[in-house]
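Subject: Structure for your review

Dear colleague,

Please find below the structure that I am handing over to you. My findings follow it.

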Amino acid sequence: MEKYTVVIIGGGATGLGILRDLAMRGVKALLVEKKDLVNGASSRYHGLLHSGGRYVVKDRDAAKECITENQIMRRIGKSCVEPCGGMFTRLDIDDEDYEEQWVKGCNETGIDITPITIDEAINLEPRLNRKRLRSVYLIPDAAIDGFRMAWQLVDSAKRYGGEFRTYTEFVGLDQVNGELHGVMVRNQFTGEIYEIGCDIAVNAAGGWAGFVGERAGLKIGVQPDKGTLIAFNQRIVSHVVNRLHKSSDGDIFVPHGSITILGTSSISIPNPEDTSTSREEVESLIKIGEQTFENLRDFRILRAFAGARPLYIPEGGELGRNASRGFAILDHETDGLKGFFTIVGGKFTTFRLMAEKICDQICAKLDVQEPCRTAEVPIVEEVPQAEKERAKKFFPSYGVELAAERLGVEKFRRVVARMESDPESRELVCECENITRAEVEEIAKESTTYSVDDLRRRTRIGMGTCQGNFCTFRGTAVLNEMCEQSKDKDTLTHMRKFLQGRWKGIRPVLIGRTLREMQIKRAIYELSMNVTGGEPK
Amino acid sequence: MIDSDVIVIGGGLAGLMAACVAVRRKEKVTVLTFGSGSLPLASGAIDFYNSKFPETAIKNLPVGHPYYRIGLPAIKDSINFLKDVTARANLPYTGDLSFQIPIVTAVGTLKYSTLIPESMDASLLGDVKKIFVVGIRGIKDFYPRMLVDNLKKYFSNADFNPVTFDLNLLGGRDINCMDAAQMIADNDELFINELKGLNATPEDAIIIPPVLGTTDNSTRVTVKTQLHAALIETTCLPPAPTGVRLQRALTKYLEDNGARIYKNANVFGGVVEENRITGVVTKNSVREKFYPARKFILATGGFYGGGIVMREFDKPHEPIFDLPVKYIVGEENWSNPKLFADKPQGFAATGIFVDSKMRPIDSDGQPLFENLHVIGANIGGKDFIHEKSLGGIAISSAYKAATI
């Protein structure tokens, strides 16, 4: 039987943070994930690197953690963070007293805020609704890319010897008299169940932590809490724009590259797999968003999506907006199960801190003396400017910057080498996000790529303006040519599955120009390509 | 002031077809277009109905179906008319309503259609020994391996030979099928040499991306005379040379016969006198212009063409004449949970209801205007993509409206 010191269950930001942290301390660790990495709340969120401003009134500790981690992340995760800055805006309908408490909270927490005039605010964000605007503060919010962060954490962990397996589901523990021997996992493709030996197992399954707990025979107070978000096809804002009021639905806009994300709602749901969104939720978000940006409906919506926050609710604790956004580490030795830990709650911004805290506890158990270094060592090495310049011979120059940030130096070099030797691979597979065939080929041949959707999470194909109109065809073809382990070799199935995934997010926002894009998609795939297949009836 | 018998608004398949029919009737025709029209997006194959026997299926459609309103004689006439116009433009089309013809898609599926360019006819694939699939280095959007993998499922006994030609297309910007088609039309020598090198016999077939020129059949004729095997073009991602050729053939017919085509003519409203339209007004940043006519044909398309728009849920509208738009109410009916479902998508049925003269009707079924006709994807009631009737509805409704 194979043996690791620590097995981590869950491939979200927290699990990956733990993997990297342990690997850096020399602990032999393996992460298992039942689907692909970051398919849960770690990618299904705003992409907001909180300054802490949102929590200063209700939860000072969370706010302090946020501002500290915000500063760390800007240093170690440079290529994942867009330091766009943020803004808190109070409208005529918002409580003035809250503003006073908020300013006091920021000052006492050490969050640097700067009041600006309405004119200055309009100058920075011309689309703001001037008529309603009452006061505005600048704050060090930023945008952060959850997908990119995940792959870079993996690359970093791998360099230190960390390992991971996707499409590998945790099904139970092997324990004897309360002592952990290993974890039982299932290969999602073959159905095979096998054991991986370990001294310690960590439940970092986020919204699924309750399910993992059940399979380990434990009851864990985690409440999946659904947040629905809308992605707009334009950069409506150039700062993160928050409403300055008691935290509520639909009050944050975050710019990401060429898009903007508006969210979110907060609904307790029984099953974290429920990432459905409805027209009603979308309408309600737009209605609130229109208070800050009156012309919001003029912008094309790309899609709606939802994720489940893993709120930690200790017995008798409050749900929804009133639940703490803090995190908790549970050592189940107290429940009579030695070697099993759970980490729940928290938020993306603080994932590194969460990992550090639990790894400190794990290392203490293992008698490992190495200190945590994740706050100092950059996650990936940046691509040197000279190499970027050289790559501009083959790339559109805007694409060079994007690829360098996405890939980190090692993969970037491989992609550029591919383009150098094979001119045909210089063509763009995805014009929306400037992704070359070389990059898609390089990712398609990685051992953890199985589907077009996996390609999407690693490269962003299908996530741009056209939502897969062109790149579904091209991405599938490249997968077919490059990906040996793609279990499902049928390209038609790959295409249908991928387009269905895009469709899920488009359905609730099927209005305006999205209708037009949808008809293009149908004309291409149903009429020109006949991917629905079959003979006429 | 420009005097027209007929004004056609829209330069997609329906609009161009209606204009061609009107021109044939010796009418003075003006076409107002805005944007590229639907044809570059399409394969150039014109589907009539998803059935092995489209004619029988269409005959049996219920009273409310747009085809029922158009009527079988006009549908058949439209097919003959299109074949005639394309033949004159040296872009021969083949097929009729009694059967379906297979074409090969870029994915490698077979697709069945009714009226297709001769260059796409794949009927003989079942009888050939060897099938060459030709990729061209540098062309994006054509992947022989994927095509072969899928096509094998239909022709498991054939001997598939994927090959790649180097036509010196690499080294510049990305090359799509349109670019390659233009390059080969300009100089076909290298392409012909490579094709000859396959030594294909009359018992073989050669499948190629649609690169045989961008206007008509002349490149294909030149290439074919030097080969023994059949040459079959596939569909491709837009812009599709096969669709562009049809657009150019119809446009050429209009130009040769004195029709006026105004591009970038953004029609924003009509002028109404009682139950007639007297003219339409175009608008750009500098001026407004009035176009009077005796008869108007609206062919601005559905959601794709912009003929129907919907900024907010449950509020679709037709932007030029503000015609009543019918649509399916309710989120659960608006779309199917599955993108590729075995039933129509509700949203795609959004559109204008017409009488048997293709005139928009009110809720009592009465025509709203004497001289306004609505054709193609503007027409509502059915999901034409699901029925695979988009092209057929376009040309037959156009024919009907233009011959009223």
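Two strands are said to pair if DSSP finds at least two bridges between them. Please note that this is a predicted model.

The domain assignment of chain A gives four entries: domain 1 (3-40 + 147-221 + 325-366), domain 2 (80-142 + 223-312), domain 3 (381-425) and domain 4 (427-537). Between the C-alpha centres of domain 1 of chain A and domain 3 of chain A there are 34 Å.

My attention went chiefly to strand E13 of chain A, residues 222-232. Of its 11 residues, 11 are buried, so E13(A) is largely enclosed by the rest of the structure. In a regular strand, side chains alternate between the two faces of the sheet. For E13(A), both faces are covered. One side carries A:Val222, A:Pro224, A:Lys226, A:Thr228, A:Ile230 and A:Phe232, which are all buried.

The pairing of E13(A) is as follows.

- With strand E18 (residues 301-312) of chain A, E13(A) pairs in the antiparallel sense over 11 bridges; A:Phe232 has A:Ile301 as its bridge partner in E18(A).
- With strand E16 (residues 259-263) of chain A, the pairing is antiparallel and comprises four bridges; here A:Ala231 is partnered by A:Ile261.
- With strand E17 (residues 267-268) of chain A, E13(A) runs antiparallel and is joined by two bridges; the partner of A:Lys226 in E17(A) is A:Ile267.

Yours sincerely

Terms used
Residues are numbered from 1 along each chain as its sequence is written. Chains are lettered from A and ligands numbered from 1 in the order in which they are written. This is a predicted model: local features need pLDDT of at least 70, side-chain atom pairs count only at pLDDT 80 or more; totals for chains, interfaces and linings use all residues. A residue is buried if 20 or more other C-beta atoms lie within 10 Å of its own, exposed if 12 or fewer, and partly exposed in between; C-beta atoms are placed from the backbone. Domain bounds come from an automatic or database domain assignment.
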